[in-house]
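Good morning, and thank you for the time.

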Amino acid sequence: MANKLTKKNKFLIISALLVGVSVWFWQHPLHQAELAEKRGNRQPAPVTSQPVARTQASKAALSVEITQPALVQWPMTLVLNGSIYPWQEALVSAEIAGLRIQQVLSDVGAQVSKGQPLVLLADDTVKADVQKQLATVEKDKAALAEAKSNADRAREIKDSGALSAQKINEYMIAEQTAKANLALSEAELENQKIRLRQTKVVAPDDGVISSRSANLGNVVSAGTELFRLVRQGRIEWRGEVNADQQMALHAGQSVRLSLSGGKAVTGKVRLISPTVDSNTRNALVYVDIPKDSAKPGMYVQGQVDIGQQQAVAVPLSAVTYRDGFAYVFELTAADAQGLRKVIQRKVQTGRTRGEQVELLAGLSAEAQLVLSGGAFLNDGDTVKVVVMTKRGA
């Protein structure tokens, strides 16, 4: 009986010891701290017997670089719109009427020289008129020779009394009439030769043919347009400016024209129109541009540098666009851990030049900004500032 009681006592003692160990474990401060952390409590439970220091550091949303607004000398530029025209356009037309086009010697785009034949007209009738007039001239020459001979004899016997004064006077008048008839015939002959030359239509100046209306077989009239010619191949850009912009322009200024395909060409202001269009209230600025750099009729944009002014600029990467507005992220002072918060500020941007954009309003010149990565940030985010080492440094 005593032996059985002894085993029962041992069992009770062991059970009591296990319960005591369990209670001690659950009440221990370290276990309580772990439970608090698992429940979302970021601060560990207070420790009475043995203090344990555990802190959770704030985490940075992004590592960023710093930039600041810079005062720069920003070029002032006028942006104008306009079209390209020939410097001067010559009209090539027929000077003779009623003749058929026999041959067309040039076409659109051809480079021609002054005096170069462009069209040949049928000249058969004109040549016949020339031959006819040549015969008339010869006839009048013979008539003049006869009249001159009669007048010379009359002058020789004038004092002998063989001829009356009236007859002698008739011979003198006949000589003068024959001279006049010959002069008239020769003038008409020259006129027919001119008509013959006019059957060959030539270029009035060096240049490029821009249009052609001459067709083989057409019967032309005097003044009929056959070709249009860009004189000397020169072209110009004519931009529109208002009254305020006109005051900033003068002859000799450089103008950059932006052509299709990303090409650009530079010209010089030749003159500014002395009058303003009554409908648009704009004036024209005439800019000479290099030959063959563009085609007449093209509508292009031009930029004219008119000086410089001071501006506040930041890198393009520092500006973030959201909902149609521009923002930058300004950095606050660093905390004890060296981390900083960002403040989203709305700004007004202006012109862009290279990798910089002008800030017109919304920011002080002393502000420190996030250089890049603004698309991944929100107002109030914590960031870590780093200094990037350039390659090759």
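Of the 393 residues in the protein chain, 28% are buried, where buried means under 20% relative accessible area, exposed over 50% and partly exposed in between, with a 1.4 Å probe and protein chains only. This is a predicted model, in which local features need pLDDT of at least 70 and side-chain atom pairs count only at pLDDT 80 or more, while totals for chains, interfaces and linings use all residues. Residues are numbered from 1 along each chain as its sequence is written, and side-chain values use heavy atoms, with hydrogens and water left out.

The protein chain exposes about 25100 Å², of which carbon and sulfur atoms supply 52%; accessible areas come from the Shrake-Rupley method with a 1.4 Å probe, and for residues only the protein chains shown count as cover. Among contacts with a separation of 6 or more, 73% join residues 24 or more positions apart, a contact being heavy atoms within 4.5 Å.

I turn to the secondary structure. The chain has 5 helices and 22 strands; these are DSSP runs numbered from the N terminus, helices being H or I with at least four residues and strands E with at least two. Two strands pair if DSSP finds at least two bridges between them.

Strand S5, residues 99-104, pairs antiparallel with strand S10, residues 219-220, over 2 bridges. There, arginine 100 has valine 219 of S10 as its bridge partner. S5 is also joined by 3 antiparallel bridges to strand S7, residues 117-121, with isoleucine 101 opposite leucine 121.

Next, an open sheet: 4 strands in the order S4-S11-S9-S6, with antiparallel pairing. Why is one side of S4 and of S6 left without a neighbour in the sheet? Strand S4 (89-93) and strand S6 (111-112) stand at the edges, and each has a single partner strand. For S6, that pairing is with strand S9, residues 207-212, antiparallel over 2 bridges, and glutamine 111 has valine 208 in S9 as its bridge partner.

Finally, consider glutamine 253, in the loop between helix H5 (243-246) and strand S13 (254-258). Is this residue buried or exposed? Glutamine 253 is buried, because its relative accessible area is 9%. Its side chain reaches the backbone oxygen of alanine 248 at 3.4 Å. Beyond its neighbours within four places in sequence, glutamine 253 is in contact with Ala248, Gly267, Lys268, Val269, Val304, Asp305 and Ile306.

Key
A polar contact is a pair of N or O atoms within 3.5 Å; within protein, one must be able to donate a hydrogen and the other to accept it, and residues adjacent in sequence count only if both atoms are side-chain atoms.
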